[in-house]
Amino acid sequence: MNQFARGTNRTVAFFLENRNGVHLAAKIWACLPNGTRVKTLVADPTNVTLEWVKAGLADVGAEHPVHNVFEGLGRTSTWRDDLPHLVRSWAEAEGIDVVVLFNDRSVRGSRVMEAVRDIAGTVLIQDGHLHFYFRRAFLHRRDQNWSYGSTLPSSVCVWGKTTEEFIRGREENFDTRLVVTGALGSSDDGRFQAGAALQERHRRTFSGKPRFVLADQALSDQGKCTQRRHRFLLMQVARALASVGELTVKPHPSSSAKHLQWLTETFPGRVAPTARGWEHGEGEDQTAAIVTFYSTIYTDAIRQRTPVIFVSSPDIEPVIPRIKHPLVRNVAGPKELALIIKRYAATGVFPSNAAGASMGDVVASIQDPAELIVSEIMNASPMPSNAPVEAPQPKAPVSAEEVLVRELPFPRGPMAVVTDDYSYRTGSAIPLLTGLKTLTPEQANSICLIDSRAYLSPQALATELRKHRVLLVNSLAPFWRSRNFSEIIGELVTRGTRVLVYVHETEWVFDYESSRVPERHAQLLKVLPHIEMLCVSEGQAAMYRALGAKTRVVLNTTPGLAGSIERRKNSDPEGVVTVLMAGTVQERKGVALFSAVADAAHALELPYRFQWAGRLTPRLNEGTRLSEHVDWLGELPRPQLEACLSKANVFFLSSADDPMPLAALEAVRAGARIVTYSHVGTAEVLAGVAGYEHFDEYDADSALAAIARVLQAEPDYDTLEQRLDQFDARAFMRRMALAFAAETDLSATVARQQAPAVSILKARRTSELIASTARFLSAKPNSHELNQLLRSARRKLPVPLFAQLIHVLGLVGWKSARPWIALSEAARHLPWEHRSVGRQYALQALDINPSSPQARRLMVRHSTIVSAAVHVRRRTLGRARKVATRR
């Protein structure tokens, strides 16, 4: 007998809604320890579900009595409101310790959770595929598959890694136990595991017409689409299948009597009996393929080594993500389905998906899922009650901007947010998801959320996007990941659609993507001047203005900024100093520099402990060394990451290119000191505040020196809090709203103002360079724009023209030190005969700001370089004279 922490004499109630739940529950009953009392519960005022459950109990030979909380009451107009009270009263009377259920978001399941989660342990068990993309969604109107587990039971038991990551990434902090247990009836089935392990392509020889099974789903009965569209789609799919082979229609077990009658009348003699699962015939009658929309029937198909085809349709919101397996294929609609099965019938080779999640990630290979689930049941305890949270009272408007935002939060008319990632696990999705949650339901429900991954063809995506007058694309990633996305956006712009991109990428990503997908990158550059870029920092905005785009800085936000800054009473660290970095382990995040700094600190025997919290990315180059003096913590759940930030003395952002890193802002909120490279967006916000230091040279010595400096300073928490206030979620949405309310005309005037920076980079003659530089200067560029131009020009201009550009820009009477510093820094990359101007520009910066440490360092460096160059030149001339005298 198993030993469990809470003992075995527990009373466990199983809330059942269908026959499938009974079959799964039976596997758990067989593993429960002796002494466990089992109760079965339904909540059915019509007795339909009760009959399903009794039939299921007969299937498995179980004799558990079934209690219906509506027994003798019948159906009334208030049955939904009465259900929680009835269930709670029954649970208290029966002394229920744990309630097990398979759906916490159904009409009945959600009310059962409402009734018992604070008086009994609750265990939610996945009974079907859950990880979907959704074509269209609204923030406060979500499909129940998306919100599975959101009632926060004691434990959620899921099939595999993909579902676990989906649920964790759905919210900023999923505060309940999430366990991968595998799938009952699949993970513990040797036939399924043998089918899941297949690697070779599936081949068949057809002596006659192939036999296809159309596995229907209760789409209209469950409100997934209208009855008319459901039936029309079935007819289209059936017609495609019948054109190639023989057709059998398998109804869904929960289909209504009305729909079953329609199926029987529409497909006479071809409707299989309503039953759970699917078993194909043997020999000639063996099924060639099962065709469905997003049904879990694929587990039966894999078990029997039968191909399964998922048909996507614009009328059905959920789309099952691709699974890479020799027996699985996703198609964009009936037309593509017809092409696929004709090829399959002709060649005998099933054309499976070329990419997607592995079957092992979808359904984990775990020998005994029931044992793991029973362990969760035996240890489950009640959860804290969901006390209603009072909404913060809005402050009186303090500015005309706030008044404008309240009156016009987003454009009137159809608007859509488009992205290929709605997960809190990805930094680019977090700001927008966090900001949208601050909107009222009325405001949020005017915004359609579109997942570009759910459209398997460019035509289907373009058709959907044409319905919206305003598009906000989150990140440039879709432009690089989709072959036709730039073309679609270009066409929409010509039609008059306003397109804005909330952009997260900077120069490093641009260089990476231009080498990875050069054609798509070139298409992006063509469409860039016709869309509006909402940027997270001034430096990033300058880069896009140089490319001809219209920009506006809106910054960003993250859930980790809620509440006041943590003011550490004893801010001077004693003993070992913890230096933390958070983010994916990749080159752009500076993993090489972080390792080098850790090694240098170890060599100097400094009392520093270096930690990195984040998952290892596949992009990491093979030659990149991960220091043994760093604790590589891996990806951490949100509570653990927040704990690490609170314990860290220094947050060392080692990124070389990061427009406005969220982790650094969260570290400020946690009270840690901050160190970053001077070229990241954090420097724009925190420069000059005690408790923050940056380094100008991207090397280990400079970074280590900055860490030492920041440890010597007492953080100025008042100023830090003021700087963080601008990243508040509501402030972020105010800036977003103002961007939408701003003038949208991308006029020739704007183009003329932005084009000179691009023309400078294209110049190949001195006359072209001078004319373009004059136009660039007439637009009165700021220091960020100048710095961005110089960095781009160093890579793209020939050396003589780059030297001339620096000389011409030095003729301008810059009023602040930053432009002179930028010019002096750029002069370091000139041939030695031109580097003397760098010293002159450093002197100009010191005349304006005598206390600038960067200008002083540049002054010393240029003086050293010029002296060395003069010495070499004199020695060379001296040797030449000696040779001439001898001759």
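Both faces of strand β5 are covered, since G121, V123 and I125 on one side and T122 and L124 on the other are all buried, where buried means under 20% relative accessible area with a 1.4 Å probe and protein chains only. This is a predicted model, in which local features need pLDDT of at least 70, side-chain atom pairs count only at pLDDT 80 or more, and totals for chains, interfaces and linings use all residues. Residues are numbered from 1 along each chain as its sequence is written, and side-chain values use heavy atoms, with hydrogens and water left out.

**Strand β5 and its neighbours**
- Strands (E, at least two residues) and helices (H or I, at least four) are DSSP runs, numbered from the N terminus.
- Strand β4 (residues 98–101) runs parallel to β5 and is joined to it by four bridges, and V100 has V123 as its bridge partner in β5.
- Between β4 and β5 the chain passes through helix α4 (residues 107–116) in a right-handed β-α-β crossover, which means that, with the strands pointing away from the viewer, the path from the first strand over the helix to the second runs clockwise.
- Three bridges join β5 to the parallel strand β8 (residues 155–158), where V156 is the bridge partner of L124.

**Helix α27**
- In helix α27 (residues 717–725), the buried residues are Y717, L720, E721 and L724.
- These residues lie on the same side of α27 because they cover an arc of only 100° around the axis, the arc being that of the directions from the helix axis to the C-beta atoms.
- They pack against α24 (662–669) and α25 (682–686), with contact meaning heavy atoms within 4.5 Å.

Methods. Buried < 20%, exposed > 50% of the residue type's maximum accessible area, 1.4 Å probe, protein only. Pairing = 2+ DSSP bridges.
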